Structure formats: C-alpha cells, structure tokens
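Please consult the sequence and the structure shown here before reading on.

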Amino acid sequence: MPDHYVADDPAILDDELLLRRLRPDWIVPGDRGRMRIASAAFKNEELSVLFRSLLIQQRRPDSDALREHPDDSLCSFTVGLARSLGQRVVYDTEPPNDPAHGLVVGKKRQSDANRLAREAKWVIPPEPPVLPDQKQPGN
C-alpha cells in the first residue's frame, strides 16, 4: 500500500495511451484458439506503465518498452478507462525511472483488473498469440 496519497494529474488527457509490459505468466489460454491477458497483469496498487505520447516525443518505438525484457509482451489501455475504474494516473519520470514512466494508482478490485485485462489492446505482438499446438492422439 502506498505510504502517501497520490492525486490524479488532470493535465493527462483521457485518450492518452498507456503501455503495460506483460510477463509471460500473465498471458494465459483464452477463447477461439488464442491466448489472452490475465487480470494478474493489472492488480498492483501502483501499476507501472509508459506513456505512449512521451515515447513518441522522445522518438522511441513502442518496442523500447521491452528492451530489457525480450520475453515480455506489450499491451495498451487508455487513461480514461483507468479513471472510469476510480484510478489515478500520474507521471513518474524522475530518474532512475524511464523518462516515459507513469503510474496508475489505486486499489484494484478483481472486477477492475478483469475489465482492464479484457479491454487492453495487444501492441507487441499486434494480435493475441495462438494457443500452443495440442497434438491429437495418433497424429
């Protein structure tokens, strides 16, 4: 739990895209032969994100978010979605943090984490990965 209250930054627009790195264990089997994002990716009270607009200003590609995490994936969601779930969004760019870093702050109920996982868009890869092949008996 944070040791201080963090106020939402009203200068950050609702349509701002936030990028969230996904560890491999946060990508789980889903429907229609594809993997999906697990709600576990969105449960931290101080959820680490990168502001896409800051990456663009810094002339950095989205893939830069994965530079030190080659096995991870990347998704996005909007500030507006986070705020609709009672979350506060702030910049957190001071060193040693990434110069595009931010936080989505607030307690996340299971229903909040589920909605973020359901509405997040795949960035890298651009589509949900296909479920690993399951060999049929006799093949």
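## D98 and R60

In this predicted model, D98 is partly exposed, with a relative accessible area of 21%. Its salt-bridge partner is R60, and the closest N and O atoms of the pair are 2.7 Å apart. R60 itself is buried, with a relative accessible area of 15%.

## Other salt bridges

The whole structure contains twelve salt bridges. One of them joins E119 to R115, with the closest N and O atoms 2.7 Å apart. These two residues stand four residues apart in helix 3 (residues 110-119), a separation of about one helical turn. Both are partly exposed: E119 at 32% relative accessibility and R115 at 29%.

Salt bridges with shared partners also link R60, D64, R67, E68 and D98 into one network. Within it, E68 and R67 pair with their closest N and O atoms 4.0 Å apart. E68 is exposed at 62% relative accessible area, and R67 is exposed at 52%.

## R88, a buried charge

R88 lies in strand 6 (residues 88-91). R88 is buried but forms no salt bridge, and the nearest side chain of opposite charge, E45, is 6.1 Å away. The R88 side chain instead reaches the backbone oxygen of V6 at 2.3 Å. Residues touched by R88 include Y5, A7, D8 and L103.

Notes:
Residues are numbered from 1 along each chain as its sequence is written. This is a predicted model: local features need pLDDT of at least 70, side-chain atom pairs count only at pLDDT 80 or more; totals for chains, interfaces and linings use all residues. Side-chain values use heavy atoms; hydrogens and water are left out. Buried means under 20% relative accessible area, exposed over 50%, partly exposed in between (1.4 Å probe, protein chains only). Lys and Arg count as positive and Asp and Glu as negative; His and the chain ends are not counted. A polar contact is a pair of N or O atoms within 3.5 Å; within protein, one must be able to donate a hydrogen and the other to accept it, and residues adjacent in sequence count only if both atoms are side-chain atoms. Contact means heavy atoms within 4.5 Å. Lists of a residue's contacts leave out its neighbours within four places in sequence.
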